[in-house]
Amino acid sequence: GIPLLVDLLRDGSADAKRSTAAALRNLAADNAANRVAIAEAGGIPPLVELLRAGSAAAKREAAEALGNLARYNAANKVLIAEAGGIPPLVGLLRDGSANAKADAAWALGILARDNDANAVAIAVAIGFDAVVDLARGGQVHVDDGGWGRHASRAAKRKAARILLRKCLPRAIIPDVIAAATATFLV
């Protein structure tokens, strides 16, 4: 049944896509085999697309489904990031309803947990000011959600370095960037 649901997620009406995302969310909630089956059936890219272009309700369902797919599944965390799922989750975190923001924050926290590459990608998507907050206080809060508690210290340093390199003039030497990064993380 999962491949049929994934087909409906790709080709169904807007309402069918929202309902299908909810069904996939439920299937992935507490079943590791379903998480694998949904990913193998190609369910992650259409969920990310729904997160980008769906209705407000569909975006919430997609965010929860992606969070469930990422729970306790390192491979799905990578697949979600590769499908471009982090930027629209950050967008939902910024612009969604209060409930949508909470769903997006939860999904981002799952994606960052034990995955430094995702933690860095989330930091880049959230932006420089949030990473400075993370460096100073150990946790980034964007509205009600925080992902920093799940990122390792190495990921926090890497995120700060990436953002400093993006924001500082290219003439700044690497030692200055390293010193600034170390200062943020005292």
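The accessible surface of this protein comes to about 8800 Å². Carbon and sulfur atoms hold 54% of that surface. The model is predicted. The protein has 186 residues, and 49% of them count as buried.

Helices and strands come next. The protein has twelve helices and two strands. From the N terminus the order is α-α-α-α-α-α-α-α-α-α-β-β-α-α. Among contacts with a separation of 6 or more, 62% join residues 24 or more positions apart.

The largest nonpolar core has 37 residues. Leu47, Leu66, Leu69 and Leu89 touch the most other members of this core. Helices that each supply at least two residues of the core include H1 (2-11), H2 (14-29), H5 (56-70) and H9 (116-126). H8 gives the most, with eight residues. Leu66 is in contact with Ile44, Leu47, Val48, Leu51 and Ile80, leaving aside its neighbours within four places in sequence.

Most residues other than glycine have a negative phi. Tyr72 is not a glycine, yet its phi is positive. Asp114 is not a glycine either, and its phi is also positive. The table gives their values.

| Residue | Phi | Loop | Relative accessible area |
|---|---|---|---|
| Tyr72 | about 55 degrees | between H5 and H6 (74-82) | 73% |
| Asp114 | about 60 degrees | between H8 and H9 | 73% |

Is Tyr72 buried or exposed? Tyr72 counts as exposed because its relative accessible area is 73%, and exposed means over 50%. Asp114 is exposed too, with a relative accessible area of 73%.

Conventions
Residues are numbered from 1 along each chain as its sequence is written. This is a predicted model: local features need pLDDT of at least 70, side-chain atom pairs count only at pLDDT 80 or more; totals for chains, interfaces and linings use all residues. Side-chain values use heavy atoms; hydrogens and water are left out. Helices (H or I, at least four residues) and strands (E, at least two) are DSSP runs, numbered from the N terminus. Buried means under 20% relative accessible area, exposed over 50%, partly exposed in between (1.4 Å probe, protein chains only). Contact means heavy atoms within 4.5 Å. Accessible areas come from the Shrake-Rupley method with a 1.4 Å probe; for residues, only the protein chains shown count as cover. A nonpolar core is a set of buried Ala, Val, Leu, Ile, Met, Phe, Trp, Tyr and Cys residues joined through side-chain atoms within 4.5 Å.
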